[in-house]
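Q: I am new to this structure and would like to learn how to read its features. Could we go through them slowly, with the general idea before each case?

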Amino acid sequence: MYYLVIDLEMCRVQKLYKRDYKYASEIIQIGAVLLDDNYSRIATLSQYVHPEYGVLDNFIESMTGIHNYDIKKAPLLRKSLEHLVEWIGNREYKVFAWSDSDQKQILREIKAKHIESEEINGFMNPERWIDYQDVFKKRFNLERQFSLEEALERAEVEPEGKFHDGLDDAMNTGKLIQKLELNPEYQLLDYAIFNSDEPLNCTIGDLLGNLQIKVG
């Protein structure tokens, strides 16, 4: 069994597109890391995606480091997903993501953009997908969900790269998964603090992915 760790970055969609696309965000980057059966990283993939409705504003550009020239001539979502599935090949695999927002975002865009593909449907099979943020919360009996950045800190995992880069976030999620899956007795640092009421640091998916623009 292989494990695909995925992370999306998104831009915001203006309300003027509400007739054609009612959602508040659109994918502009897909980061993916392939892990073997020992949760070791064996391959990585980063793809920029051209948004059909969204605009890359200064806030998202500053947060992600993605520029308009990165996405201007990038493939549309369908081509990007088809390339991802082709890259995975014939392997048996599960998909890990930090929260369920990325899975929901892809499903929204597939529906809104009328994407029909057996390969993509197979990739989006809900039985494949594992919300590791929820796994993390339940494993340590936490009272709330935690950002990837906070989880890495509490689990003593040194992050690579920068946060809010799709590939770097996927790699860091993969490092966290490997440590926790190979060390079932591991306990978090400062367990009492971990259950505190500190504010949650949100990902872009948390900020944008679950928002919808009402039509009419």
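Q: Leaving aside neighbours within four places in sequence, which residues is G54 in contact with?
A: Contact means heavy atoms within 4.5 Å, and by that rule G54 touches C11, R12, V13 and E26, its neighbours within four places in sequence being left aside. This is a predicted model, in which local features need pLDDT of at least 70, side-chain atom pairs count only at pLDDT 80 or more, and totals for chains, interfaces and linings use all residues. Residues are numbered from 1 along each chain as its sequence is written, and side-chain values use heavy atoms, with hydrogens and water left out.

Q: Is G54 buried or exposed?
A: Buried means under 20% relative accessible area, exposed over 50%, and partly exposed in between, with a 1.4 Å probe and protein chains only; G54 has a relative accessible area of 17%, so G54 is buried.

Q: Which residues of α3 are buried?
A: Helices (H or I, at least four residues) are DSSP runs, as are strands (E, at least two), and both are numbered from the N terminus. In α3 the buried residues are L77, S80, L81, L84, V85 and I88. They cover an arc of only 135 degrees around the axis, which puts them on the same side of α3, where the arc is that of the directions from the helix axis to the C-beta atoms. On the other side of α3, K79 and E86 are exposed.

Q: What comes just after α3?
A: Just after α3 comes G89, which takes a positive phi of about 75 degrees.
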